[in-house]
Amino acid sequence: MPPAPVSLGEGGSPPVPLRHPPGVRIKDERANPTGSFKDRMASPAASWARARGFGTVAVAPTGHAAVSTAAYAAAAWAVRHGRGDGYAPS
C-alpha cells in the first residue's frame, strides 16, 4: 500500500466572484496553507519523493515555490538546512 500523500490541507481555496465581468469567478489561493498557489505543486512533489525513498528535496531559495516546498518537506521529513551557496550538508 502506498504511503499517504503529504498534505497540509491545500486545494480548498474558494472561488470568488469578480465584479467585472459579471459571472466570472477566480480561485483565492491565499486560503492555501502557505498562502500560495505553489502548494498545489509542492504536495504531490513531496509525496512522490517520499514514496520513492528520497530523504530530502531541493529548490531554488526564492519566492513562493521555496516557501511551499519547505513547508511540505517539513511535513514529510526532517528538513536539512543549507548555507544558501549551493552547499547542503549531508
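## Briefing: fold, surface and local contacts

Among contacts in the protein between residues at least 6 apart in sequence, 48% join residues at least 24 apart; contact means heavy atoms within 4.5 Å. This is a predicted model: local features need pLDDT of at least 70, side-chain atom pairs count only at pLDDT 80 or more, and totals for chains, interfaces and linings use all residues. Residues are numbered from 1 along each chain as its sequence is written, and side-chain values use heavy atoms, with hydrogens and water left out.

**Overall layout**
- The protein has 2 helices and 2 strands, in the sequence pattern β-β-α-α.
- Helices (H or I, at least four residues) and strands (E, at least two) are DSSP runs, numbered from the N terminus.
- Of the 90 residues, 21% count as buried.
- Buried means under 20% relative accessible area, exposed over 50%, and partly exposed in between (1.4 Å probe, protein chains only).
- The accessible surface comes to about 6,300 Å², and 60% of that belongs to carbon and sulfur atoms.
- Accessible areas come from the Shrake-Rupley method with a 1.4 Å probe; for residues, only the protein chains shown count as cover.

**Strands and the loop between them**
- Pro21 sits in the loop between strand S1 (15-17) and S2.
- A cis peptide bond joins His20 to Pro21, with omega about -5°.
- Ile26 belongs to strand S2 (residues 25-27).
- Ile26 counts as partly exposed because its relative accessibility is 43%.
- Val16, Leu18, Val24 and Ile26 make up a nonpolar surface patch, with about 260 Å² of accessible area together.
- Patches take residues with over 30% relative accessible area and no salt bridge; like charges are joined within 9 Å, nonpolar side chains (Val, Leu, Ile, Met, Phe, Trp, Tyr) within 5 Å.
- A salt bridge is a side-chain nitrogen of Lys or Arg within 4 Å of a carboxyl oxygen of Asp or Glu.

**Glu29**
- Glu29 lies in the loop between S2 and helix H1 (39-51).
- With 18% relative accessibility, Glu29 counts as buried.
- Beyond its neighbours within four places in sequence, Glu29 is in contact with Ser13, Gly35, Ser36, Phe37 and Arg40.

**Aromatic pair**
- The structure holds 1 aromatic pair.
- Trp48 and Phe54 form this pair, which is stacked: 5.8 Å centre to centre, 20° between the planes.
- Rings of Phe, Tyr and Trp (its six-membered ring) pair if their centres lie within 6.5 Å; planes under 30 degrees apart count as stacked, over 60 as edge-to-face and the rest as tilted.
- Trp48 is partly exposed at 45% relative accessibility, and Phe54 is partly exposed at 42%.
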